[in-house]
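Here is my note on the model, as numbered points. Please read it with the structure open.

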Amino acid sequence: MTHALTIDMKNQKTTVEFTLQDIKGELRHYMMALTMVIGDFFGQHAIAGVLGLQERDESLLSTEDISHLAVFERLEEAYDYAFLGYEGGFALETYFELLKDLLQMFACNDLLEVAYCDSNVQAGIEYSKGGLEKLVSMGYARINLDGTFPCSDDLDAKQIALLAGITERSVQNAFSLKGEARLNASKSSTGGYYVAAKEALRWLKDKKGFVPTRSRVPLSDDQQWPSTISSLSELRDMLHQKMNGMGLSIEELAEAIGQSQELVRGKLTKATQITFQDALPFAKALKIDPQILLLQIMSLCHPEEARLMVTAK
């Protein structure tokens, strides 16, 4: 799925589109830039605190294989929550704070920005900057709308505009409308306006671009694997729900599959990639039709090959 951000520069509007892969690429390049200067300008222990790393992860900062860093582990979940509206874990607010701190670090350090540009040239990959900023802004807007954290039950016009997929001016204009179309706002002590979460939700429900927050539908024992799974994050959730529904622990599942506990835990928590080779052992252990699970994994990881599998005669 693609998400667009409209930028108005001197009345010339341009639309920048972001996908999950774009945002992953952007974060990867930020982190590559960080590894270029961390040895000379930051202590590993200090930077580990900013990035939310464990002691064992610090050595990874000296390599280009940074996809296993903690900052990557919940990126897909954050994307699903902010843009797709799927309920996230209890610590997502902390994760968005982590991304915000990382972006601020680059914003106020010229050397990191130079290294960031250099790493982009070295990698030979072009992409649009701004996806991470959009992700963080959308994440905070949805957190405030959901009111799931203390002091997160008011939204400003910019946040409502992001959630509705419209301009901030359109939201501000709604402050002065009448009837159901009016968005009731209160004026803050600083002169700006804010809207209570319940009022924002009422007004947003009729907006075409608004995606409400919703929970993922769990599998019941007599259901076939749903065809609506659209991301590896959803697939992992389904596997985890099946494991819990059968009363299995990670240790028991690992023993049934014949893999290490660390590897199985990683595949259920996004730290390790799920592959088509996992279809048969996971299907047997969790009592899932192996053909359905194989097609699900293939359609998410290798869509073209999956299409050929389905259409082959």
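**Notes on the predicted model**

1. The strands concerned are β4 and β5 (residues 193-196), which run antiparallel and are joined by two bridges.

2. What links these two strands? β4 and β5 form a hairpin, with five residues between them. Gly191 sits in the turn and has a positive phi of about 100°.

3. As a general point, strands of a sheet pair through backbone hydrogen bonds, either parallel or antiparallel.

4. Next, a helix pair. The axes of α8 (residues 157-164) and α10 (residues 197-204) come within 11 Å. They cross at roughly 35°. The crossing of α8 past α10 is right-handed.

5. Which residues make the contact between α8 and α10? From α8 come Ile160, Leu163 and Ala164. From α10 come Ala200, Trp203 and Leu204. By class, the contact has six nonpolar residues, with no polar and no charged ones.

6. Look also at Gly209, in the loop between α10 and α11 (232-245). Is Gly209 buried, partly exposed or exposed? Its relative accessibility is 44%, so Gly209 counts as partly exposed; the class runs between the 20% and 50% cut-offs.

7. Setting aside neighbours within four places in sequence, Gly209 is in contact with Leu163 and Ala164. The C-alpha atoms of Gly209 and Ala164 are separated by 5.1 Å, although the two residues are 45 apart along the chain.

8. Now the packing. The largest nonpolar core has 54 residues. Those with the most contacts inside it are Leu27, Val71, Phe96, Leu135 and Ile160. Helix α5 (residues 92-107) gives the most to this core, with nine residues.

9. Which residues does Leu27 contact, leaving aside neighbours within four places in sequence? They are Val71, Phe72, Leu75, Leu99, Leu102 and Leu132.

10. Another core lies apart from the largest one. This other core has 21 residues, including Met238, Ile250, Ala254 and Phe282. In soluble globular proteins, nonpolar side chains tend to be buried together.

11. Check α4 (residues 75-82). The helix is mostly covered, with eight of its eight residues buried. These are Leu75, Glu76, Glu77, Ala78, Tyr79, Asp80, Tyr81 and Ala82. Note that Glu76, Glu77 and Asp80 are on that buried list, and that Glu and Asp count as charged. Leu75 is also a contact of Leu27.

12. Last, the whole chain. There are 16 helices and five strands. Buried residues make up 40% of the 313 residues. Among contacts between residues at least 6 apart in sequence, 57% join residues at least 24 apart.

Notes
Residues numbered from 1 in each chain as written. Predicted model: local features only at pLDDT ≥ 70, side-chain atom pairs only at ≥ 80, totals over all residues. Heavy atoms only, no water. Axes fitted to C-alpha atoms, helices over the stretch in contact; angles between N-to-C directions. Helix = DSSP H or I, 4+ residues; strand = E, 2+ residues; numbered from the N terminus. Left-handed = near helix turned anticlockwise from the far one by under 90°. Contact = heavy atoms within 4.5 Å. Buried < 20%, exposed > 50% of the residue type's maximum accessible area, 1.4 Å probe, protein only. Pairing = 2+ DSSP bridges. Core = buried A, V, L, I, M, F, W, Y, C linked by side-chain atoms within 4.5 Å.
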